[in-house]
Every structure is written in structure tokens, then in C-alpha cells.
Amino acid sequence: MSTLNVPPLLTSPRDDAIQLYRAFKGLGCDTATVVNILAHRDAAQRSFIQHEYKAMYSEDLLKRLVSELRGKLETAVLLWMHDPAERDATVIRQAFLSDVTNIDAATEVICSRTPSQIQLIKQIYHSKFGIALEEDVAVHTTGDHQKLLLTYLSTYRSEGLEVDREKAMKDAKALYKAGEKKLGTDEKKFIHIFSETSRAQLAAISAAYHDMYGGSLKKAVKSETSGKFEHGLLTILKCSQNPAKYFAKVLHDAMKGMGTNDTALIRVIVTRTEIDMHYIKAEYLKKYKKTLNDAVHSETSGHYRTFLLSLLGPNH
């Protein structure tokens, strides 16, 4: 479900490539033109533009963008130039390899994607970086957090909406016994149920848990687990119920208080624009009584602001 605000195309990818080439020529880069073209093209169009640019100028457009753009705008535009699965693979790889290893970002991407998205990410990860995603996860994570990610990456889950109520009650009981009812926590049980259950079924388990024990499964996870393991479980749980609400909160957290977490802001806006951004915008408005566009506008500036707002589309 693309939410990209693509105007009726009056230009062809070839025209776009010519415009971009002209924007790079001369003294300094005509950044406004670059932003205006690329922010309003969907994945297929961006791919065609890169192809045309290479054919006409014997130069890689991405490399040119690296030399022409700077800072946060460069980060956002380069990430946007990939198609969604390649983008996710890139975010995970960068999270592992950055100076400040950002395991939370890798956890968020892995635990919020659907099984079919994960299959595609794994294929691209291996072909692009020459290492299996699971191998990288094994190197950069530890303990229960590592077990959760590896099991989640390797287990097939249905993407259907059908729910087994009886099994949901049984699993809710198993989680209660593995957590709140006992001294200590049976982490293995949480890993097993959270990584092998479809989204619809996990949402049903969460509802059954609340009905049977009066408290929420989310609260149980928070009180029984901690750190990166807790973050992984909560991401899986929240995305089983309402992914858009989950990402609205990530965006809000990135912008609240002093300073802005631009890495998170770019990651979520760029990776969700072509997936479910209009739902995220609706959830943001509902929860924070302010449009996402207004929040982003007040936290950013210059061409970087223009680019992100172009991806978000109309302010409503």
C-alpha cells in the first residue's frame, strides 16, 4: 500500500536523469531540484532513473549523490534510493557496523517486518553483503535477545488473519506460568510463542491474556524481561496489534525532549513511506493531537525538512 504522493508524471526517467545531471553541474549543487525530483518518485521510477543516468553519463547516480549531498539529507536520500527490502537490509547492516552499534534499530526492523518481507531481506542481505543475516545477528547480539532474533528470522509464520481461540487461551496460560506466576522467567517459552505465532494469533493471545488475568501481556513483558530482549518482544507484540501505532510512538520518541534522534526519524519515515505512512500519520494525530508533518517541521530545517515533508505528503 504505497502512500507516496506521486504527481502525474510529466517527465520520463530519462528527463529526470537529465535534470539531475544539470543540478549537479556548475558551482555547487542545485539541491532543491534534486530533492524535488527524488522525493516524488516511487521505487520503480527511482530504479529507472538510476538506470538512465548510468546509461547516459556512465556514472553511478548513488555515488554522485554521495559527493553532492551532505549530512542528514545525504543519509535520507541515499536510503530512499533503494527499494524497500534493500533499504531494510541496509539499515540492519549499518546498525551493526556503525561506530555506535545501534542494535535497537536492527531489532526494530527485524521484529516489525512480516515473514515474506523477512525472506526478501535475508536474500538481499546475503547477495549485497556476502554474509547471511543470521550470521551477522549471531556476531552482534547475545543471550536471549540473540535467541529471539535468530528464531524469529528462521521460523515460518502465517500471514493470514485466521485465529485459533482455544490455542490462544492455552498460550496465554503458558505465558502467565512462564512469567508472572513464577519466580524468575522462562524466557524460552516467551521466545517460542512470540517467534512462532502469526500476528493475528499473537494479538488473540494478548486479548486472551487480558481476559484471563486482568493485566496486559505488554505489562507482563515489561516486568518479566529487560533491555534488548524486552525491546524485541515488545516490538513483535505491538506490531501484531497495530504496526502504525508502534511506529507513531517511535517517531514521537525520536522528536520529544531536547534534540532530535535523526537516525530514527529518517529510518522510520523513509522505510514506511511506501508501506503504511498514511496509517502512521493517522495514529500520530490521534495519540499526540498534532500532525506528524507539523512535528517534523518543527524539528528539522532546510532541504532535509523539505525532503522528509515531501515523503510524508499532504498535512492532514
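**Buried positions, salt bridges and a positive surface patch**

A95 is buried, with a relative accessible area of 4%. The model is predicted. A95 belongs to helix 6, which spans residues 84–97. Beyond its neighbours within four places in sequence, A95 is in contact with T101, N102, A105 and A106. K122 lies 27 residues from A95 in sequence. The C-alpha atoms of A95 and K122 are 15 Å apart.

Helix 6 also holds R87, a partner of E274 in a salt bridge. The closest N and O atoms of E274 and R87 are 3.1 Å apart. This pair links distant parts of the chain, 187 residues apart. E274 sits in the loop between helix 17 and helix 18. R87 has a relative accessible area of 0% and therefore counts as buried, the cut-off being under 20%. E274 is buried too, at 10%.

R46 lies in helix 3, whereas E274 lies in the loop between helix 17 (262–272) and helix 18 (277–288), so the pair ties together parts that are 228 residues apart in sequence. Both R46 and E274 are buried.

The structure holds 18 salt bridges. One of them joins the side chains of E52 and R14, with an N to O distance of 4.0 Å. This pair also links distant parts of the chain. E52 is in helix 3 (residues 43–57) and R14 in helix 1 (residues 13–24), 38 residues apart. E52 has a relative accessible area of 24% and is partly exposed. R14 is likewise partly exposed, at 46%. By contrast, R46, in helix 3, is buried.

The surface carries a patch of positive charge. K218, K219, K222, K245 and K287 gather there. Helix 14, covering residues 217–224, gives the most to the patch, with three residues. K219 has its place in helix 14. The relative accessibility of K219 is 63%. K219 therefore counts as exposed, since the cut-off is over 50%.

Note on methods:
Residues are numbered from 1 along each chain as its sequence is written. This is a predicted model: local features need pLDDT of at least 70, side-chain atom pairs count only at pLDDT 80 or more; totals for chains, interfaces and linings use all residues. Side-chain values use heavy atoms; hydrogens and water are left out. Patches are made of residues with over 30% relative accessible area and no salt bridge: like charges are joined within 9 Å, nonpolar side chains (Val, Leu, Ile, Met, Phe, Trp, Tyr) within 5 Å. Accessible areas come from the Shrake-Rupley method with a 1.4 Å probe; for residues, only the protein chains shown count as cover. Lys and Arg count as positive and Asp and Glu as negative; His and the chain ends are not counted. The place of a charge is taken as NZ of Lys, CZ of Arg, CG of Asp or CD of Glu. Helices (H or I, at least four residues) and strands (E, at least two) are DSSP runs, numbered from the N terminus. Buried means under 20% relative accessible area, exposed over 50%, partly exposed in between (1.4 Å probe, protein chains only). Contact means heavy atoms within 4.5 Å.
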